[in-house]
Amino acid sequence: MKNSAILLIVSLAALTTSVPAYAAADWQELDAQLYYGSGFKQYSGGIDNTTGNPTGGSSSLTMFQLNYSNGWKYGATYFYFQNGFDHNDYRMYTQGWEFLSLNKIFGRDLSFGPVKEIRFAPGWQFSTSKDFYAGTQNQGNAGNSGAEVVYAGVDSKDLFWGLDFLLDIPGFDFAGVTAGVYQNIQGETKYSVQPSVNLYYRSTFYIGPTRWKTEGYVQWYGGRRSHVNSNYDAVAYFTTQDALLLDTGLLLWERPDQFYTGIQLQWSHNTYGVKTIPYVSKATNEFFPQVMLEWVF
């Protein structure tokens with residue numbers, strides 16, 4: 001829990017430059033998500049008792065996530081905190097961006113095609129998973145099974161620098177593409193910069209008397225090289241979460257956009273950039289549904 005507290009302090013410190021934006025926000029949204037799935041492979045800790053090699057088996061995991069977003073005079077903010085509970089193990093991950101509108105700052109129309117706004121997008125991602133991308137979280141008790149412990153895991157810390165392209169697509173509440181690079185600030189890994197592209201969206205619609213929402217993202221990460229040890233290198237990977245949710249609050253107590261229930265599909269290739277290293281880590285792909293609840297405050 002100590003590491004989680006440190007992560008929370010660091011994350012909040014990263015937001016200090018945008019505190020005035022929160023105070024003067026034109027709109028704000030806070031929501032909480034709870035979802036459960038049984039196809040998490042990189043969190044499974046599955047180990048072959050003879051060789052000590054990770055098996056890539058699946059594990060069930062309950063995730064709790066807080067999301068915050070706003071819009072203000074010169075841009076917008078989005079960040080989330082994700083908490084994973086895996087039996088007696090606890091993991092926390094946070095990712096976010098501060099979107100500074102170049103259109104509004106310079107007072108110019110920079111739109112073209114489906115792009116209606118260009119925004120400078122500094123951001124971050126921090127994790128207390130106690131893991132390098134090439135991963136000891138899937139090592140489990142391999143050391144006790146005779147496998148060589150190649151390295152110890154540490155928290156992940158990255159800053160993001162890039163641009164966001166806000167899109168104007170009919171039928172969507174919002175959609176956009178954020179592209180740039182992650183700069184590693186973890187001294188024990190010393191990664192090269194990592195390119196990344198993130199597509200995000202939300203759409204609400206009616207089917208008869210029922211109101212629905214679909215939302216999610218698809219994010220691609222390029223490979224990254226460690227200047228400390230090649231075992232730390234990460235391969236390119238992508239991850240996506242896409243949810244289809246029924247506005248259950250509207251049905252139960254006639255209050256729209258307050259409580260949703262539905263499913264979320266999680267899909268990733270080379271999850272977390274983990275590569276196969278004998279007796280240490282195993283590259284895996286994940287594809288499975290999750291039961292999901294969402295409260296909007």
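Reader: Where is leucine 34 found?
Author: Leucine 34 sits in strand S1. Strands here are DSSP runs of E, at least two residues, and helices are runs of H or I, at least four, numbered from the N terminus. This is a predicted model: local features need pLDDT of at least 70, side-chain atom pairs need 80 or more, and totals for chains, interfaces and linings use all residues. Residues are numbered from 1 along each chain as its sequence is written, and side-chain values use heavy atoms, without hydrogens or water.

Reader: What is the relative accessible area of leucine 34?
Author: 32%, so leucine 34 is partly exposed. Buried means under 20%, exposed over 50%, partly exposed in between (1.4 Å probe, protein chains only).

Reader: Which residues make the nonpolar surface patch?
Author: Leu30, Leu34, Phe64, Leu66, Trp295 and Phe297, giving about 530 Å². Strand S1 (27-40) and strand S2 (59-72) each give two or more residues to the patch. Nonpolar side chains (Val, Leu, Ile, Met, Phe, Trp, Tyr) are joined within 5 Å, like charges within 9 Å. Areas use the Shrake-Rupley method with a 1.4 Å probe; for residues, only the protein chains shown count as cover.

Reader: New topic. Arginine 202: buried or exposed?
Author: Buried, because its relative accessibility is 15%. Arginine 202 belongs to strand S9 (residues 194-207).

Reader: What does arginine 202 touch?
Author: Glu29, Phe172, Asp173, Phe174, Lys213, Thr214 and Glu215, leaving out residues up to four places away in sequence. Contact means heavy atoms within 4.5 Å.

Reader: How many helices and strands?
Author: Four helices and 13 strands.

Terms used:
Patches are made of residues with over 30% relative accessible area and no salt bridge: like charges are joined within 9 Å, nonpolar side chains (Val, Leu, Ile, Met, Phe, Trp, Tyr) within 5 Å. A salt bridge is a side-chain nitrogen of Lys or Arg within 4 Å of a carboxyl oxygen of Asp or Glu.
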